[in-house]
Amino acid sequence: MGHSTVEWVYVGVVVALLIYIGASAWDVERFLDHPPKDAKVVKVTGQQWFWTFEHEDGKKELGELHLVKGVPYVFEITSRDVNHSFNIPDLTVLMDAVPGRINHMWVMPDASGEYLIQCREYCGFSHYQMRAKLFVEEAIPVSGETEVSNIPVSVQEAKPVIANN
Amino acid sequence: MVLEVKKPRPMWEILFSTHHTDVGLLYIILSLVALMIGGALAIAIRTELFLPGNQGIIPDPNTFHRIMTTHGTNMLFLWLLPFASGMGNYLIPIMVRYKDMAWPKLNAVAFWMTPMGMALVWLGMADFTWYATPPYSILRAPGPAAEMWIFGIKILGIASILGAINFIVTILKMKHPDLPLMKTSLFVWATLMTSIMILVAIPTFAAALIMLFTDRLGVSGFFNPAMGGDPIAYQHLFWFTFHPEVYIFAIPAIGMAYELIPKFSRKPIFSYQSGVAAFIVLAIVGFTSWAHHMYATGMNFTEKTVFMVGTLSAVPASAMHVFNWIATMWGGRIKFATPMSFVVGGLVLFFYAGAGGVVNAQMPLDFLTHDSYWVVGHFHLFVMGLITFAFLGFLHYMFPFITGRMYNEKAGMVTFWLLFVGVSMIFLTQHVLGLYGQPRRVFDYIAVEPLIIMNQISTVGAWITAAGSALLIGNLIGSSIKGKPADMVDPFQIGQVYYDQTRKEPHH
């Protein structure tokens, strides 16, 4: 047809852009997917229609979660009844709570304050108000500094981009 | 083309006909009814969300979830699929120069299964969302609505498989011997690829529906964790059918755009071959990306990477279609009649939808957008933006050929602008809502200023869309009764040859 050159150039440009985008996404996700070894474990359980939390030291919380700024946490997320999704929109934490499975997601809160925890997977009657509160508290100075230095720099760069709002 | 409505015929003659244009007309009418009643549900949902708190439009969350489920199921399986089948019925035999579909009776049976499925879905009004995810759907969803939904979808699935077999055989076996496949219209290619995809994709979910049903009866535990089953397995089976389904909806719309754009630009298609190639590539890579809906179900890094690559590999083929359309329009003498306006508007919205899709496919960004209103905005830009716009454009284009009368062009253009502005306001805004963290499928949201403002813009857009839809239906019904008789050789005055079959004998 005589059009092939311009078509191949166009497809080449599109493919090159996609490779660039895909590679940078892969690079970011590579960090986000592997929690730091010294992260503290928080067990998160969803059920119709509330969240319960259990800290490493056995302390349990219902509808509220208290974390310390600058400390990495791994959430072990599961459900007692139907699928839920554990979501802290401001910290870009999102992971499905599936009964019979334990899913992992980690976060290091980088600003103190009060955040929203909500359910993001349809789970029945009160799905829309299945919420909890996250309180991020200031660290005790000594432990806080050592924790921060353990995190790779690229992770700290990646976080603000997605936690912007 | 055969005149369906102009020549007065008793209703039963159309209802019990097996002729392809009669069945096509029935499909089109049924799908438009579904579009309007499903749209009414959407207006109710948006109006309820105009302000935080309960507005009383929808009395309680339970009703809201039933409405939301019926809206989604109805729009996908009773508007998009039947409309594409209807236009296929109308045009495929004409385009491959055969007197009818390969199996006219099977064709009529496939159509008449559709209203039955529709009745089950609408009378039941299940509450587990169109995605019926276990364990909710097997443990908590109330019957008999859930069972009615399962059997309704089962019937609709069988109907699409029968229709798909009929299209494939008509195109490949009944095509006129003098007409090579590479000389047929791209709409024929679109229908062929869609039908093949239906045959490959639907059986998986058909099996999953049976498993879902026996799980609900309690005699099996495929997806019930308490009985050793895995809810995630359902999601894989579901999305293996319904991610390709996105292309099953979109490819006929793309085929229709290939019919309209060259005619209204008064230029031949820029590259027929790359159109065919992009259809074939889409039909294949459509099956490589299903689990990008499931990044947040606890997939490991390798799985996520594989499905991200699979998802991105569908982009070049879609981009090829867009390039082909723009290159066809480039330098053409374009006539922006209603059909062309709808297609170009759909093209603009397709661009936004595609760009949003590239964002979703990125693993880290998906955790920001997944299950939020972003996703609602994103896929509605596809189904409402690209697909429904191309369908409505094609409907206006076929209108004179079907009814023998011309629709009101001014009303058609006003309809287009109302829908274009309305749809943009609803769904582009919903992307932002998602970034603010509003989850999808919610009866209510937190009363903070950004959420309220964004929801209100979105709702006003829905009302504008409702006005456009009312005008659309008024125009179609009014013009088919009282419209000016159309010039059957060149109804759009663009100096184009439409179909040789204008002179075809009406019925065999």
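Predicted model: local features only at pLDDT ≥ 70, side-chain atom pairs only at ≥ 80, totals over all residues.
In which helix of chain B is A34(B) found? A34(B) belongs to helix α2 of chain B, which covers residues 20-48.

A34(B) has 25 other C-beta atoms within 10 Å. Because the threshold for a buried residue is 20 or more such atoms, A34(B) counts as buried. Leaving aside residues up to four places away in sequence, A34(B) touches N74(B), L78(B), W79(B) and M118(B).

Is K40(A) buried, exposed or partly exposed? K40(A) counts as partly exposed, because 16 C-beta neighbours lie inside 10 Å, and that class falls between the limits of 12 or fewer for exposed and 20 or more for buried. Its contacts, again without residues up to four places away in sequence, are E56(A), V71(A) and Y73(A). From K40(A) to G124(A) the separation in sequence is 84 residues, and the C-alpha atoms are 31 Å apart.

Chain A also holds an open sheet of five strands. Read across the sheet, the order is β4-β10-β9-β6-β7, and the pairing is mixed. The edges are formed by β4 (64-68) and β7 (93-97) of chain A, each of which pairs on one side only. From one strand to the next, the twist averages 20°. In general, the strands of a sheet are joined by backbone hydrogen bonds, in a parallel or an antiparallel sense. Within this sheet, β6 (residues 84-88) and β9 (residues 113-119) of chain A are paired in the antiparallel sense, over two bridges. On β9(A), Q118(A) is the residue that stands opposite N87(A).

The remaining topic is how the two chains meet. The contact involves 46 residues of chain B and 42 residues of chain A. On the side of chain B that touches chain A, at least two residues each come from α3 (61-95), α5 (136-140), α8 (231-265), α9 (272-285), α10 (301-312), α11 (315-329) and α13 (363-369) of chain B. Which of these supplies the largest share? That is α10(B), with six residues. By residue class, the side of chain B that touches chain A divides into 28 nonpolar, 13 polar and five charged residues.

How values were computed:
Residues numbered from 1 in each chain as written. Chains lettered and ligands numbered in written order. Contact = placed C-beta atoms within 7 Å. Helix = DSSP H or I, 4+ residues; strand = E, 2+ residues; numbered from the N terminus. Nonpolar A, V, L, I, M, F, W, Y, C, P; charged D, E, K, R; others polar. Pairing = 2+ DSSP bridges. Axes fitted to C-alpha atoms, helices over the stretch in contact; angles between N-to-C directions.
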